[in-house]
Amino acid sequence: MREITFVEALREALREEMKRNDKIIILGEDVGKYGGVYRVTQGLIEEFGENRVLDTPISEIAIVGAAIGAALGGLKPIAEIMYMDFAMIAMDQIVTQAAKMRFMSGGQLKVPIVIRTQYSLGRAHGSQHSQFYPSWFVNSPGIKVVLPSTPYDAKGLLKSSIRDDNPVLFIECGVLYRSKGNVPEEEYTIPLGKAEIKKRGEDLTIIAVSRCVQEALKAANKLEEKGINAEVIDLRTLVPLDVETIVNSVKKTGKVVIASDDVKYCSIASEIAMTVMENAFDYLDGPIVRVTSPPLPVPFSPELEKAYMVSDVKILNKIEEAFGYKLS
Amino acid sequence: MEIRKVQGASLSEIDTDPLKLLRKMVEIRKFEEKIEELFLVKGTLIGPAHLYLGQEAVAVGICSTLSKEDYVITSYRCHGHAIAKGVSLKKLMAEMFGKKTGTCKGLGGSMHAAISLEDGLVYATAIVGSQIPIAAGLALANKYLNKKIATVCFFGDGATNTGAFHEGINLASLWKLPVLYVCENNLYAEFTHITRSLSSRSVAERASSYNMKVIVVDGNDVVSVYKAAKEAVTEIRNLNGPIFIEARTYRMKGHGVYDQAKYRDPKEVEEWLKRDPIKIFKKRLIEEGIMDEKDYERIENEVTKEIEEAVNFAFESELLNFEELYKLVYVE
C-alpha cells in the first residue's frame, strides 16, 4: 500500500468529498490562494474555483458564523480555524450557536458543518498557539468531536465528518502533519463513534487520543520487550464515545492508563477514568493512571516544552509506579 | 457611501393594503400586552421576555414585503418579527408557555420563539450580535445556489458594538452578499442609552464605513419602512447587496418584561409616546378616509379574540416528554 502524509490524507479527503458533493464549500484564513498555512487546502481553489474555496479575513466569529448560516441555507461548509487557540474567539458560534440550534429549535434546524482545526503543542509555538482543550467541547452537547492520530484515520474520519449532518469539530495535531502512513487508493470511510484497538494486548490497557496514541504505541513496544503486552486503544472520537471498546479491554486487562495532551484537571483522561469506574469497576485490579499535561500554560523554550509534554517515557514511568513492574 | 433617508412616505407610494399593515401591528401590540399581563399581573409566565412594544412598524413594514420563502433571522426580541412574518399566534403563544405545540416544542421559549422554518423564520438568537455573521452565511448559500430569495437580519443598536457585527458586516460587504441588515435603533442597549455606548456619530454612519448602501428610515412610520424595505428587498432578491437599514424607533417598555425602565428621561418617553406607531398610523388612515373608528375597534376586537384563543390553546397544550429531549440533540 502507498504511504502518504497526514496533510496529504486530509487533502485527499477534502478533494474527494468536494467532487462527490457540489454543496461543499471551504472557508477560512489563507485557505484559498495561499493554499492553507499548513498546505492542507493546497490546489483546491485552482481545482474547484473561488466560489467553493473562500479566503476569509482574520475573523473567526464570521468564519464559523457564516459556515453555520450557509449550512442552514443548504450548503455543506467546512471551516478552517488555523489554530485551536483561535477557536476560543469563535466559541459563541461553535458552542452557543451551532451546538444548540437543533435542540432549542425543537429539532427543526440542522447544522451540517465541519470545523477543522489543529493544535501545535510540541512545535515551540508558546502558550497561545499550543492549547489543546477538547473537553470544553465534549462538555457542550450538540457537537461531535473527532481526533485522528494517523493519515489513514485522518482521511476516513474526515470523510465521515463531512457526510455527517451534525456540527463536527475535527481536531488535528500539528506535529503529526508530516507523519506518513499507509492509505489505500480505494474509497473508504471510518464511522464516528468507533474506537480502534491500535495494538492488541492482555496485560494492561493504554487509552489515548491524537498525538498521544503514537506515544502510547512507542511505550507499548518497549513494554513488549519486557514481556508485557499492552493494548492500545485510540478513541478517535470523543463524541460519540465508544464506551464498549474501552470496557471490553478493561475487562480483559484490569489495568488502565490514559494518555492525553490536555491539562490534567477535568481532562479527557478524567472523564475516561470515570467512565471506566462506572462501567467496569469490578474488573479493575489497580488504580487508573492519567498521563497528561501539567496544570501550566505551555512554555515556549523547546526543552521546557518537551519536559511539559506527554511522552512514551512518561507513560512507562507511570506504569512502573502504578503497577509495580520493573522496567528499568 | 451616501446615506439615504426615507421618511414621510405617502400611502400612494406603497403597493399593499394599509389595513393589512395595521392589523399586523395591532396583533403584535395585543400579543405583547397579553404577554406582559401573563408575566406581571397573573404571574403565569416566567423567564426572560423582551417586548416589542413601540417597534411594531419596523417588523411589519419590513416583513410585509417578504414572502414565506424569504429568510428572517433575528434576536431574542423576536415576537414582533414572528408575527409579522406570519407565524400562527397559537404556536407562538404555546412556545411562551414551554409547550410541545410551540414553534420550538417549548425548548426555545420567548427568546427563540421566532424559529419556525415553515414560516421562513430561520433563527432567533439570545446572544447579542451573533445572528449577523450567520445571516451572511445564509446569503452566501442563496448566492451560491442562485436562490432568488431575500435574507433579512434584525438586530438592535446594542449589537452594533459587538465583534460579531463588525466581522459579519465586513464579510457580507466584502463578498457582496444578498442580505438586508435591519438595525432597530430603539436608543437603548439593555439599560444604557446609545449615547453612552456608540462612538460613531450614528449607526448608519458606522455601517456606511463598510462600503454598502445605507438607508435611515423613520421606524415609527410603517409606510416609510415598507417603502424603504420594498426597494431593498427587490435588490436583495436579485442577489445584490448587502443593504443596511437603520430604523429609528423607540422601545416603549424596558429591556425585559420586568424592567420598569426608570432610567429614562420622562420627557424623552413622553415625546416618543406621541409618536406611537399604531396611534399615528390609525390617525392617518382615519384622516385619509381609509377606515373609521369603528373599523379600528373591529380589528382590535378580532385580534383580542384571536389572542385569547391562543392563550387557551397554550394552556391546554401538553409538555414534551423529558425522554424525547435526548432525541433532539443530534441528527440521527
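Me: Helices are DSSP runs of H or I with at least four residues, and strands are DSSP runs of E with at least two; both are numbered from the N terminus. In which loop is the place of A:C266?

Reply: This is a predicted model, in which local features need pLDDT of at least 70, side-chain atom pairs count only at pLDDT 80 or more, and totals for chains, interfaces and linings use all residues. Residues are numbered from 1 along each chain as its sequence is written, while chains are lettered from A and ligands numbered from 1 in the order in which they are written. With that numbering, A:C266 is in the loop of chain A between β13 (256–263) and α10 (268–280).

Me: How many other C-beta atoms lie within 10 Å of A:C266?

Reply: A:C266 is not a glycine, although its phi is positive, at about 55°. A residue is buried if 20 or more other C-beta atoms, placed from the backbone, lie within 10 Å of its own, exposed if 12 or fewer, and partly exposed in between. A:C266 is partly exposed because the number for this residue is 13.

Me: B:L239 is not a glycine either; what is its phi?

Reply: B:L239 lies in the loop between α8 and β9 of chain B. The residue is partly exposed, because 17 other C-beta atoms are within 10 Å. The phi of B:L239 is positive, at about 65°.

Me: Which residue does a cis peptide bond join to B:G241?

Reply: The omega of this bond is about 0°. The residue asked for is in the loop between α8 (222–237) and β9 (243–248) of chain B. It is B:P242.

Me: What is the omega of the cis peptide bond that joins A:V239 and A:P240?

Reply: A:P240 belongs to the loop between β12 (237–239) and α9 (243–253) of chain A. The omega of its cis bond with A:V239 is about -5°.

Me: What distance separates the centres of the two domains of chain A?

Reply: The domain bounds come from an automatic or database domain assignment. They give domain 1 (3–182) and domain 2 (196–321) in chain A. Taken over C-alpha atoms, the distance between the two centres is 26 Å.

Me: How many residues of domain 1 of chain A that touch domain 2 are nonpolar?

Reply: Two residues are in contact if their C-beta atoms, placed from the backbone, lie within 7 Å, and the contact takes 25 residues from domain 1 and 23 residues from domain 2. Elements giving two or more residues on the domain 1 side are α6 (134–138), β6 (144–146), α7 (151–163) and β7 (168–173) of chain A. Ala, Val, Leu, Ile, Met, Phe, Trp, Tyr, Cys and Pro count as nonpolar, Asp, Glu, Lys and Arg as charged, and the others, Gly among them, as polar. Domain 1's side then has two charged, seven polar and, as nonpolar residues, 16.

Me: Which element gives the most residues to the side of chain B that touches chain A?

Reply: The contact takes 34 residues from each of chain B and chain A. On the chain B side, β3 (121–124), α5 (131–145) and α6 (163–174) each supply at least two residues. With 11 residues, the element that gives the most is α5(B).
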